[in-house]
Amino acid sequence: MQFHHHGYVSGDPRVQPAAGTGVDRPADLPDEVDVLIVGSGPAGMLLAAQLSAYPALTTRIIERRGGRLVLGQADGIQPRSVETFQAFGFAERITAEAYNIGHMNFWGPDPEHPDRIVRTARTEDYALKISEFPHLIVNQARVLDYFAEAAAHGPARITPDYGVEFLALTVQSEGDHPVEVLVRDVAGDREGRERVVRAKYVVGCDGARSAVREAIGRRHIGDISAHAWGVMDVLVNTDFPDWRTKCAINSAAGNILHIPREGGYLSRMYIDLGEVAEGDAHRVRQTPIDEIIRRANAILHPYSIDVKQVAWHSVYEVGHRVTEKFDDVPVGSDAAPRVFLAGDACHTHSAKAGQGMNVSMQDGFNLGWKMGSVLTGLSPASLLSTYSAERQPVAQQLIDFDREWSSLMARKPEEITDPQDLATYYLATAEFPSGFMTQYGPSAIVSGAGVPSLAAGFPIGKRFMSSEVVLVADGNAVHLGHHARADGRWRIYAFADAPAAGEASALANWATWMSTSEESPLRRFTPAGGDVDAVFDIKVIYQQPFEQVDIMAVPELFRPKTGPLGLTDWEKVFAAAPGAWTSTDIFDERELSRDGVVVVVRPDQYVAHVLPLTAPAELAGFFAGVLLPQSRPVRA
């Protein structure tokens with residue numbers, strides 16, 4: 001973590017100095033805002049945390065609830081989400097309090113005694129096999145707390161406006177703040193007061209029954225299956241031996257997905273309540289908790305649970321729905337969007353695949369930096385059209401995956417031909433639920449060209465998969481991707497060709513061009529008076545051991561002087577060769593060309609382009625389609 005570059009910091013370095021709209025931020029909701037976020041769920045709170053890095057903007061988040069969420073329904077945290085937490089600065093802290101899913105066990109009927117269950121498979125969880133990040137269980141309320149902290153500690157000092165209800169909106173054809181939003185206070189001294197807030201953009205993160213979605217005429221397409229599940233968070237005593245291990249349990253009496261929770265005692269159980277009778281009219285949702293517990297014990301036979309406390313429970317029918325478009329622009333129109341949907345407002349599904357909160361957060365991450373870039377004048381408004389284009393297909397893939405997983409989970413014993421097939425499916429499809437299968441197609445921000453073969457381990461359109469390198473300045477092994485914060489900047493990783501620092505090389509020529517050419521993205525798109533790395537965080541990775549890299553011979557591009565004191569940043573120069581603290585060579589691990597390669601990564605950690613060091617014109621052309629020229633000069 002880097003700090004002190006704006007002067008000595010004696011307090012918590014995670015609390016950034018207030019700036020712009022974060023200074024003397026008004027307590028009451030203003031009449032005009034740049035961005036109005038409706039709903040403080042995972043998508044909304046991540047979006048607020050991201051936009052807090054843009055203090056020039058007025059961002060407000062309204063929530064009908066009177067205060068913070070006390071008990072959330074979601075709890076599964078996939079590795080991609082933990083990677084996202086790393087970018088927001090709290091991965092280590094939330095991991096420390098979470099339950100880490102190390103294994104998943106599978107249970108089925110005993111062939112000799114079909115009314116009893118036996119363990120049929122033990123599997124290691126997929127997370128650490130495909131990532132350096134774990135697969136966690138932690139209550140949604142705590143996830144929101146951490147994002148709320150990030151938003152409140154960011155320069156814009158964003159905090160939710162609780163007790164404010166969204167009622168309606170109208171998008172006007174003109175004006176600086178064309179979205180007129182009718183809101184009502186539902187708590188406090190002003191309860192019942194209605195008023196209009198005008199916004200440049202509105203984001204509906206207000207759940208499956210989204211009023212924002214209804215206001216823009218979008219349809220939630222899909223259906224509810226004729227199958228019901230009870231879910232409960234419980235504190236119990238039990239003789240079931242795998243109580244602290246995630247389990248899928250199949251028996252003649254039904255099915256259970258059992259998930260231990262954080263804290264060492266609490267667990268969540270999804271209990272199969274069977275097919276819903278035709279004409280039930282949702283009466284199954286009134287199933288009492290005693291009946292849910294009875295069914296759980298029937299499924300667990302010969303084991304049992306003695307429930308001491310039910311922290312929360314519910315009954316739901318599995319539904320799979322996705323909105324046909326995630327913004328307010330009619331299909332076929334090239335108009336700029338003004339209203340967006342994120343999270344459950346545009347995709348709903350079962351909870352058993354552990355995807356809802358995770359995919360919702362990625363909605364917010366995808367949209368946040370784009371809104372910040374457009375509203376601060378770095379990018380054209382057309383960038384915002386890529387949000388729906390990128391996230392709607394991901395939501396549809398999620399619905400398809402969840403439908404298959406839910407069907408497998410709900411099978412009866414006689415429908416299962418191989419007791420191992422659920423375990424096999426769980427591991428074989430690991431990349432999707434982990435969050436790492438998403439691959440965005442070609443667009444203005446994902447190149448359809450480039451030379452992907454130069455960096456086979458960094459596929460264009462997929463998230464930048466980190467690897468260990470050595471920080472030349474101090475010889476410590478670090479994860480290259482962990483240096484990327486959710487600050488809205490583009491990352492450009494220059495993987496050097498063979499010559500050492502200070503010698504003539506393709507890297508040296510590329511660095512000179514980046515620093516001096518009038519066509520360089522660094523010179524064209526960095527705002528006047530801004531730090532040289534305000535828009536682009538440019539790092540170099542040499543092939544040699546760190547001891548052989550003369551840091552003072554490294555091009556000054558990679559040793560920028562930033563901040564009001566003009567201090568040298570020593571943390572942009574890395575070595576790939578193994579050192580005392582790592583055996584990894586990123587060139588081998590990520591199949592990088594030894595002739596050198598440039599990897600461009602978006603602010604939300606997805607690879608946007610792969611080019612040789614000898615193709616500066618192509619790099620300039622790519623960014624010309626993403627960013628707007630800024631007045632110069634930049635501060636070197």
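**Helices α2 and α8**

I looked up first how α2 goes past α8, and found a left-handed crossing, the term for a near helix turned anticlockwise from the far one by less than a right angle, with clockwise giving right-handed. The contact, meaning heavy atoms within 4.5 Å, is made by Arg-80, Ser-81, Thr-84, Phe-85, Ala-87 and Phe-88 of α2 together with Asn-358, Met-361, Gln-362 and Phe-365 of α8. I sorted the residues of this contact by class and got 5 nonpolar, 4 polar and 1 charged, where Ala, Val, Leu, Ile, Met, Phe, Trp, Tyr, Cys and Pro count as nonpolar, Asp, Glu, Lys and Arg as charged, and the others, Gly among them, as polar.

I note that the model is predicted, that local features need pLDDT of at least 70 and side-chain atom pairs pLDDT 80 or more, while totals for chains, interfaces and linings use all residues. Numbering runs from 1 along each chain as its sequence is written, and side-chain values use heavy atoms, with hydrogens and water left out.

For the geometry, I read an angle of about 40 degrees and axes 10 Å apart for α2 (residues 79–88) and α8 (residues 356–375); the axes are lines fitted to C-alpha atoms over the stretch in contact, and angles run from 0 to 180 degrees between N-to-C directions. The two helices are therefore oblique to each other, given that under 35 degrees counts as roughly parallel, over 145 as roughly antiparallel, 65 to 115 as roughly perpendicular and the rest as oblique.

**Helices α1 and α8**

I then took helix α1 (residues 42–51), whose axis comes within 8 Å of that of α8 and crosses at roughly 30 degrees, which makes α1 roughly parallel to α8. This crossing is right-handed. The residues in contact include Leu-46, Leu-47 and Leu-51 of α1 and Met-361, Phe-365 and Trp-369 of α8, and by class I found 11 nonpolar, 5 polar and no charged.

**Strands**

Which way do β26 and β27 run? I found β26 (residues 597–601) joined to β27 by 4 bridges, the two running antiparallel, where pairing requires that DSSP finds at least two bridges between the strands. Val-599 has Val-610 of β27 as its bridge partner, and in the hairpin, with 5 residues between the strands, Gln-605 takes a positive phi near 80 degrees. In β27 (residues 607–611), 5 of its 5 residues are buried, that is, under 20% relative accessible area with a 1.4 Å probe and protein chains only, exposed being over 50% and partly exposed in between.

Last, I looked at an open sheet of 3 strands in the order β3-β7-β4, with antiparallel pairing.
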